[in-house]
Amino acid sequence: MEDNKAEWEPKIVAFLCNWCSYAGADLAGVSRIQYPPNTRTIRVPCSGRVNPLFILKALQNGADGVLVSGCHPGDCHYLSGNYVARRKFAILKSLLKYIGIEEERVQFSWVSAAEGGKFAEVVNEVTKGVRRIGKATKLVKEIYNGN
Amino acid sequence: METNENEIRLTVKKLFDEDKIDILIGYSPGTLPLRTSPVFLRKEDDVEVLVWNSFCENTLSNYLKNYKDKRVGIVAKGCDSRLINLLLLESQVKKENLVVIGVPCRGVIDRKKIDKITGGMEVTGSEEKEDGILIFFDGTDKKVTKADILHDSCMICNYKNAVSSDIFIGEKEKEEKVDPYNKIREMEENSTDERWNYFNKEIEKCIRCYACRNVCPMCYCQECFVDCTDPEWFGKTAEIKDTKMFHIVRAYHMAGRCVDCGACVKACPMDVDLRFLTKKIEKDVLEFFAYEAGVKDDEPPPFTTFKPEDPQEFIR
Amino acid sequence: MYAIKEAVIAKEHSETPLDITIFNMDIRTYGKEFEKYYERAKQEHNIRFLRSKVYGIEEIDTTGNLNVKYANIAGEIKEEEFDIVVLSVGLKPESSAVSLAERIGISLNKYNFCETTPFYPVHTSKPGIYVCGAFQGPKDIPETVMEASSAAAHSSALLSSVRGSLVTDEKEYPKERVVIGEPPRIGVFICHCGINIGGVLDIASLKQFVKSLPNVVFTDDNLYTCSSDTQGIIKEMIDEHSINRVVVASCSPRTHEPLFQETIREAGLNPYLFEMVNIRDQCSWVHMDEPELATKKAKDLIDMAISKARLLVPLKMVSLTTTPVGLVIGGGIAGMVSALNLAQQGFEVNLLEKGMSLGGLAKKVYTTLNGEDVQQYVKDLTKSVTDHPLVNVYTRVKILESEGYIGNFTTKITSGSKKDIIEIKHGTVIIATGAEEYKPEEYFCKKSRNVTTLLDLESDIAKKSKRIANVKNVVMINCVGSRDEERPYCSRVCCSQSIKCALNLKTQNPEVNIYILYRDIRTYGFSEDYYRQAREEGIIFIQYEPENPPDVKMDKIQGKEVLTVQLKDPVLGQDFIIDADIVALAAGTIPLKTNKDLSQMFKVPLNGDGFFLEAHMKLRPVDFATDGVFVCGLAHNPKSISETIVQANAAASRASIILSKEIVELEGTVSIVNKNKCSGCGLCEAVCAFKAITIDPEENVAVINEALCKGCGACVASCRGGAIDLYGFSNKQIFSMLKTI
Amino acid sequence: MEEQVIEKKDIKSWIEGLFADYEVYAPVLDEKKGKVYKKVESTEDINLEFLNSKNSPKDIYFPQTERLFSFSRKDEMGLIPPHMDDKKKIVFGIRPCDAMAFTMLDKVFVSGENNDFYFIKRSENTLTIGIGCIKPDSTCFCKVVGGEPSSEEGLDILLIDTGKEYVAEPVTDKGKSLIEGSSFFKEATPENIRLKEEAITNANEKIQEFDISGLKERLDRGFDLPVWAKIHEKCVGCGICTFLCPTCHCFDILDEEGKEYGERIRIWDSCQFPLFTKHASGANPRPTGKERMRQRIMHKFKYFVENNDIFACVGCGRCVKYCPVNLDIREVLKSLAGDGGGKS
């Protein structure tokens with residue numbers, strides 16, 4: 001983790017479902033829509049694959065933000081993966097807020113394969129939000145490296 | 001109370017005599033004041049050791065997992081009966097192997113509250129009276145009304161009687177519904193920093209003995225995520241960066257599965273306010289998915305199902 | 001419908017609250033689930049629907065707004081001001097289509113859409129040429145998709161004798177190298193993609209960085225990694241450096257992963273020992289102005305991919321042999337048509353009918369809207385089905401049980417009076433169980449012999465029965481048992497039905513007065529012609545609102561039964577009474593109760609109304625999420641005979657894709673259970689949309705059916721005990737990626 | 001050096017003076033954590049009412065989490081030493097039983113041939129000032145396992161409360177010099193000594209005793225006693241008893257990996273956890289609570305005795321008091337020693 005960097009660039013882990021949001025991100029590329037280079041994508045088959053523990057692990061490993069994006073309700077390539085995930089995320093999101101984690105840290109979106117523009121916009125917003133609240137510290141676990 | 005105690009003994013005796021059960025899980029006198037202790041009776045044992053009083057703080061349904069293929073009789077408070085429903089839903093127990101002896105419960109007392117009353121002085125003796133508890137300490141004695149020393153989760157309990165049981169002992173307790181979430185609402189009102197500080201102050205105390213997990217009937221995983229080394233979900237140290245994660249995930253795993261029996265807080269040697277987390281999730285599950293854990297034995301738990309109209313304001 | 005959809009979306013997306021009015025004559029939400037959408041548009045989104053005739057729009061000079069002049073239902077002239085007016089315009093065939101038709105010599109109808117007939121809805125006038133989509137007539141996506149599959153079905157029927165004859169012989173792969181136990185030896189190939197990547201990212205420093213990473217034994221950068229010569233290089237390098245994991249940093253895995261997997265497979269590596277990094281579509285193309293940060297991002301992405309690659313394991317692709325035999329449930333038009341097509345494609349088919357004989361609901365239908373003889377069609381169809389050597393027809397069938405999965409089903413039935421169980425092995429299932437006509441409680445239907453349903457009236461007309469001999473006044477009431485609380489869907493065909501009967505009755509007896517009481521006339525597509533014709537022939541159409549439906553009274557005068565229908569005329573705004581000799585009810589189409597059993601037996605869902613619910617409303621109109629099971633006909637939704645025929649052939653076409661393969665190869669990325677960690681809580685079973693997980697009652701642990709598993713990972717993410725994992729996206733792999741954040 | 005006395009009123013000022021050179025650990029009544037041992041910033045925090053703290057002070061020598069070293073993923077085997085705190089410490093107000101536990105831990109970590117660098121570093125830097133238990137709890141049973149309320153084992157100084165004063169027993173040279181360096185102490189008068197003896201006898205009477213003479217012999221042939229199957233039945237397998245125990249010393253060593261660096265860490269472990277003996281293969285020689293409970297008892301009252309001729313138990317009573325299901329080790333010992341009793 002480049003902590004002692006002069007100007008801090010947020011690192012945002014983005015879990016994108018293969019069939020909608022990842023395709024949406026590709027479309028943003030094909031349409032050359034520019035957005036901030038702060039996301040680090042992890043492609044997953046479905047937002048339903050995203051175990052909330054992944055989100056926590058990302059935060060513990062020093063991610064400044066986490067974005068999980070899937071298909072719009074009803075469009076899930078696996079029929080109900082995003083519905084099942086939505087319940088878990090609702091609970092996690094609320095719990096994190098409750099214990100005092102800034103809401104901007106962990107965010108969710110539905111982005112379809114046709115919404116390249118929306119994807120760029122989401123990354124914009126998320127990045128802005130994370131910049132606003134600054135570097136993550138609350139859940140981060142650092143490894144002692146001699147200094 | 002005494003009458004119920006006798007009825008429990010008779011019932012159990014009968015169950016053994018009629019060979020309905022192989023083992024009975026109940027309460028026996030403790031070795032310390034204000035305590036009782038779980039007891040496991042077989043046919044040959046003496047049912048007279050069974051007790052039922054305000055010190056029966058343990059959540060007995062936690063032991064069902066140890067007797068999966070035995071015919072078990074169990075003394076069940078309201079909370080236990082709800083937990084049994086959940087264990088049935090998650091097929092951790094077999095209905096046909098179970099005889100649930102429901103008891104009306106007026107709540108159990110919180111030793112930690114008494115500790116406050118005695119100013120930390122060791123309690124050397126206790127007697128239960130109809131209208132309260134007589135405690136002896138530091139050469140003196142003091143009568144305390146039960147309301148002042150009831151366990152927090154008992155004070156807001158809406159299910160004083162077993163919600164479902166094969167045999168019910170005595171008269172049903174009156175249940176007037178109370179709002180269990182006042183404390184949580186107050187907490188939600190606090191600022192982000194206040195909430196964060198409170199969370200840290202509490203979690204800081206954790207020594208990671210896992211008592212909270214091990215006394216919980218719903219924590220029956222063959223291998224807890226926190227013990228898993230491949231992959232190592234989270235660090236194993238007792239430092240707050242790791243214990244935080246343990247408690248967040250533990251609470252998350254309780255979503256729709258916690259009946260607020262209070263076993264975890266009662267067990268915690270460091271007095272960590274674990275209900276601060278579990279109760280919040282209980283509230284969210286109710287508000288988001290209109291689900292109350294263990295009240296019915298046929299209602300699918302929240303994470304096993306979904307509704308197209310589930311809340312999603314938080315999603316862009 | 002399109003207008004409603006746009007209106008709702010507009011409301012959802014606009015920052016400021018929108019007032020939307022839809023000026024309309026009739027609302028034609030006859031598609032599956034459309035009626036509910038319409039209701040939500042009214043109730044939840046408060047979109048205003050105004051039954052009216054717009055006769056002018058003028059710009060208001062001062063505001064530039066638009067002033068809409070219209071006549072409302074009562075004929076009053078009104079004006080209203082709007083910011084924007086959107087026109088719902090119709091569809092017309094492209095001129096190119098017309099010239100094409102001329103060139104290939106297929107005839108068009110009077111609107112220049114391709115001419116077809118009700119029983120041959122995708123056949124052009126020229127044998128061997130089929131039509132599908134909007135060129136045949138205006139239509140929605142699902143109809144288009146169904147027609148496409150249907151056309152394919154007919155084509156492959158013609159070509160079945162030469163199926164597979166052009167397939168160049170099966171590709172041979174080298175024996176797969178065993179890499180288990182070897183330490184990871186990773187080869188990384190970075191693509192410039194011309195200037196698409198190289199123009200933005202600092203490839204040299206990427207390469208430098210990658211070299212420094214543990215387990216990387218070879219790094220290369222290519223102008224185009226996807227080019228065929230680079231494929232050659234990749235294969236060589238795999239041998240030369242005994243690489244056992246390959247990482248390609250280039251474009252999107254969604255488009256190129258298969259290519260590279262193919263390549264490494266040709267080099268003797270399991271195709272799943274491959275990981276791809278998208279440094280173009282999701283990096284160089286979208287961060288053009290920030291080359292440094294983009295390069296940094298690319299490094300991280302590659303680092304993540306490599307850390308995942310270290311943990312990649314060879315996956316076995318499950319392949320199943322299939323039984324090339326079809327099973328069709330339901331012997332109505334839908335069932336017979338799909339059975340026949342499968343047979344014509346050369347597959348053995350078993351056709352199951354619960355009744356005594358084939359024909360289904362169509363046995364009660366006599367003509368199509370344009371007067372073609374349905375009974376004759378059913379007779380011919382039945383004959384060709386029963387005569388076909390490849391079709392085994394079973395009647396009076398009871399289905400006892402069915403088990404298995406795509407390519408390998410076993411279904412046990414009894415047939416006829418015999419008790420003995422017939423066991424059928426088959427590769428696919430087509431559910432064509434149909435539906436039935438609603439038997440109304442309303443309007444004395446069950447009490448008076450002069451109140452009847454359209455089906456009965458139709459047979460009266462066909463048989464010239466004396467009940468209708470010299471009737472003077474006939475009243476038809478539409479939407480009986482449809483579009484109400486209990487059945488909030490449109491039965492789609494009743495409007496045409498009543499118009500059809502009205503016209504036929506009128507031809508038999510020009511004197512008769514016919515009143516059609518309707519809510520909206522939904523004669524979509526070319527049926528509109530007959531609506532117009534009906535009005536021309538003096539059939540009286542009176543619109544009513546569900547709030548005050550027609551009021552039918554039954555009295556006895558001198559022992560003779562007298563029916564009167566009372567209704568408020570929306571135009572004149574006053575009540576009026578018709579003495580009706582016959583009251584005919586356009587009773588809705590309702591799903592069979594027995595659908596529930598089938599849905600459980602074959603693990604396929606029903607929608608809220610009780611009809612079968614396809615995998616995707618628009619794009620997969622005959623498929624189910626469960627592979628190898630298909631649906632067609634009224635079991636899917638109310639529809640016309642033509643539409644049924646189209647969907648039936650579509651289902652056959654989809655089924656034939658499976659039946660024509662000896663083996664189906666399934667993805668290796670499936671879930672796997674670690675028994676020792678599983679507590680058998682059943683959460684995974686509950687969240688699996690594909691019914692791929694069951695709990696073994698003995699051991700009380702989850703068991704995955706790899707043939708049914710689609711690898712979505714919902715079960716994995718749900719498992720508290722970490723007992724399930726997903727090949728290709730394992731917890732460990734994702735963790736390793738997170739570690740490199 | 002003879003016994004000394006210090007007036008109670010001076011105690012705090014004495015400790016105050018030590019803050020300059022030492023970190024001071026003492027019993028505290030923490031409004032959130034309760035009765036605990038911890039580092040104090042001012043003498044105000046010290047609470048000598050409750051010497052029987054919830055946690056034992058063992059973590060001062062043997063912290064629950066210890067960084068052994070860090071390493072870098074980049075260059076091969078780049079080891080980075082941890083920061084070791086070499087602050088001098090005073091453990092004030094420690095109970096004799098807890099102090100005795102320190103000597104017991106010495107036998108584990110300072111065996112002569114393999115010495116635990118981290119443990120030794122800490123113990124060398126630490127001074128222990130004990131206070132005799134004149135108010136033992138009902139759960140105390142030090143005498144049963146060879147201790148007593150006024151034991152000097154493991155202490156540098158022992159204080160006995162005689163009402164107005166404390167009588168101070170300098171046990172080690174470290175202790176002597178600490179007293180000599182302070183002006184608050186004066187020679188104990190015979191009266192002081194008498195009061196001290198009196199206090200000790202009172203305390204001794206208060207400590208409950210029971211007979212475990214049969215225990216050794218019973219355990220020697222006791223590996224397969226049927227009673228094991230019952231004893232553990234109510235145990236939920238948590239780590240409270242082992243983590244609060246002043247003598248339990250089992251640990252686990254693991255690596256925490258980050259992107260570029262990793263750490264090797266030592267953490268407390270508990271024989272009551274299934275994972276304690278679980279093999280990588282998944283096999284577990286102590287599969288159930290029965291084996292784990294047996295191990296805990298056997299280790300404390302047989303194996304350790306055989307190796308070091310003392311019990312690995314000082315009778316502090318913490319496991320009795322804090323067991324969530326009231327599994328009372330005294331009852332276990334009685335039932336094993338064949339002294340009848342034993343409700344479990």
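How much area do chain C and chain A bury between them? About 3,900 Å², 60% of it on carbon and sulfur atoms. Buried area is the accessible area (1.4 Å probe) that two parts lose on being put together, summed over both.

This is a predicted model: local features need pLDDT of at least 70, side-chain atom pairs count only at pLDDT 80 or more, and totals for chains, interfaces and linings use all residues. Residues are numbered from 1 along each chain as its sequence is written, chains are lettered from A in the order in which they are written, and side-chain values use heavy atoms, without hydrogens and water.

**View 1. The contact of chain C with chain A.** Chain C gives 45 residues and chain A gives 45 residues (contact: heavy atoms within 4.5 Å). Four salt bridges link the two chains (a side-chain nitrogen of Lys or Arg within 4 Å of a carboxyl oxygen of Asp or Glu). One joins Asp725(C) to Arg49(A), at 3.8 Å, N to O.

**View 2. Phe15(A) in the largest nonpolar core.** This core has 253 residues (buried Ala, Val, Leu, Ile, Met, Phe, Trp, Tyr and Cys residues joined through side-chain atoms within 4.5 Å; buried means under 20% relative accessible area, 1.4 Å probe, protein chains only). Phe15(A) and Ile279(C) have the most contacts inside it. Among the residues that Phe15(A) touches, not counting those up to four places away in sequence, are Ile42(A), Phe54(A), Ile734(C) and Leu738(C).

**View 3. Helix α2 of chain D, residues 96-109.** Helices are DSSP runs (H or I, at least four residues), numbered from the N terminus. In α2(D), 11 of the 14 residues are buried, so this helix is largely enclosed by the rest of the structure. Pro96(D), Met100(D) and Phe109(D) are among them.

Technical notes:
Helices (H or I, at least four residues) and strands (E, at least two) are DSSP runs, numbered from the N terminus. The expected span of a helix is 1.5 Å times one less than its number of residues. Buried means under 20% relative accessible area, exposed over 50%, partly exposed in between (1.4 Å probe, protein chains only).
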